[in-house]
Amino acid sequence: LAYPNAIPVTPRPQVEEENVLAISGNFAYGPNIDGLSWFLREIWPRIQQQIPDATLRLIGKNPDAVRRLIQGVPRVESTGAVEDAVREIARSRIALAPLVSGSGTRLKIIEAWAAGRAVVSTTVGAEGLAADLRAEMIAYTPAELIAIAEKEYAYLLGEAKATARTMGFGDDWKKAAEKTKDDFAPVGMQT
């Protein structure tokens with residue numbers, strides 16, 4: 001009996017995108033702790049230099065397992081367990097799978113795909129799913145992971161600014177997003 005790796009099919013969440021990089025998972029799981037530790041040590045300081053207003057959001061259960069690890073690290077926050085991980089991931093610009101050890105299904109990547117987010121992963125993070133990932137999105141070194149994240153961020157920011165310009169807001173993509181939300185979200189449902 002074969003059982004596919006999947007999550008329930010749901011519509012892509014319609015939420016406001018934030019200037020966030022997201023890591024999801026159970027933060028009491030050893031490989032998630034190892035990957036987060038590596039990311040905070042090797043990658044996050046470099047991202048902060050390039051994109052100082054970016055936030056790293058940890059989405060998932062057992063945030064106490066990494067509380068000391070993230071304590072005092074600038075612009076890192078944790079949601080704890082959430083009702084809908086796909087919806088929370090959809091609020092981010094990029095989903096990360098910075099695993100350096102472990103095995104098994106990478107539901108964090110499947111959830112990010114369901115949220116419509118680009119995924120930047122280490123080779124270990126993409127194991128078992130690599131055939132479905134574009135090769136240029138798999139990082140082999142910290143420098144490659146940073147380059148991929150910067151490229152994706154620049155692309156997404158460029159698209160947001162281009163849309164803002166077509167709407168008459170110049171490069172102010174936040175104003176354009178607010179206008180779109182106000183025009184198309186039902187009254188009382190704007191967030």
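These legends walk through several close-up views of one predicted model.

This is a predicted model, in which local features need a pLDDT of at least 70 and side-chain atom pairs count only at pLDDT 80 or more, while totals for chains, interfaces and linings use all residues. Residues are numbered from 1 along each chain as its sequence is written, and side-chain values use heavy atoms, with hydrogens and water left out.

**View 1**
Welcome to the overview. The secondary structure comes to six helices and six strands, where helices (H or I, at least four residues) and strands (E, at least two) are DSSP runs numbered from the N terminus. Follow the sequence and you read the pattern β-α-β-α-β-α-β-α-β-β-α-α. The chain has 191 residues, and 40% of them count as buried. Here buried means under 20% relative accessible area, exposed means over 50%, and partly exposed lies in between, with a 1.4 Å probe and protein chains only. The accessible surface of the chain comes to about 10,600 Å², of which 54% belongs to carbon and sulfur atoms; such areas come from the Shrake-Rupley method with a 1.4 Å probe, and for residues only the protein chains shown count as cover. Among contacts in the chain with a separation of 6 or more, 58% join residues 24 or more positions apart. A contact means heavy atoms within 4.5 Å.

**View 1. How confident is the predictor, and in which strand is the mean pLDDT highest?**
The score to know is pLDDT, the predictor's confidence in each residue, from 0 to 100. The chain averages 82, and 81% of the residues score at least 70. Among the elements of the chain, strand 2 (residues 55–59) has the highest mean pLDDT, 97. Strand 6 (residues 138–139) has the lowest, 64.

**View 2. Strand 4 with strand 1 and strand 5.**
Two strands pair if DSSP finds at least two bridges between them. Strand 4 (residues 94–97) pairs with strand 5 in the parallel sense over four bridges, and strand 1 pairs with strand 4, also in the parallel sense, over three bridges. Look for Ala95 in strand 4: Ala22 stands opposite Ala95, and Ala95 stands opposite Val119 in strand 5. Ile94 has Ala118 of strand 5 as its bridge partner. In a regular strand the side chains alternate between the two faces of the sheet. In strand 4, Ile94 and Leu96 point one way and Ala95 and Ala97 the other way, and all are buried. Strand 5 is mostly covered too, with four of its five residues buried.

**View 3. Helix 4 and its cover.**
Which residues of helix 4 are buried? They are Lys108, Ile109, Ile110, Glu111 and Ala112. Their cover includes strand 1, helix 1, helix 3 (85–90), strand 4 and strand 5. Gly116 follows helix 4, and its phi is positive, near 75°.

**View 4. A salt bridge between Glu17 and Arg117.**
Side chains of opposite charge can pair when their charged atoms come close. A salt bridge is a side-chain nitrogen of Lys or Arg within 4 Å of a carboxyl oxygen of Asp or Glu. The side chains of Glu17 and Arg117 form one at 3.4 Å, N to O. This pair links distant parts of the chain, 100 residues apart: Glu17 is in the segment before strand 1 (20–24), and Arg117 is in the loop between helix 4 (107–114) and strand 5 (118–122). Glu17 counts as partly exposed because its relative accessibility is 26%, while Arg117, at 17%, counts as buried.

A search of the whole structure finds nine salt bridges. One joins Glu42 and Arg41 at 3.5 Å, N to O; Glu42 is partly exposed, with a relative accessible area of 26%. Another joins Asp64 and Arg67 at 2.5 Å, N to O. Asp64 is exposed at 58% relative accessibility, whereas Arg67 is partly exposed at 40%. Elsewhere, salt bridges that share partners join Glu18, Arg57, Glu77, Glu88 and Arg91 into one network.

Leaving aside neighbours within four places in sequence, Gln48 is in contact with Ala54, Pro74 and Arg75.
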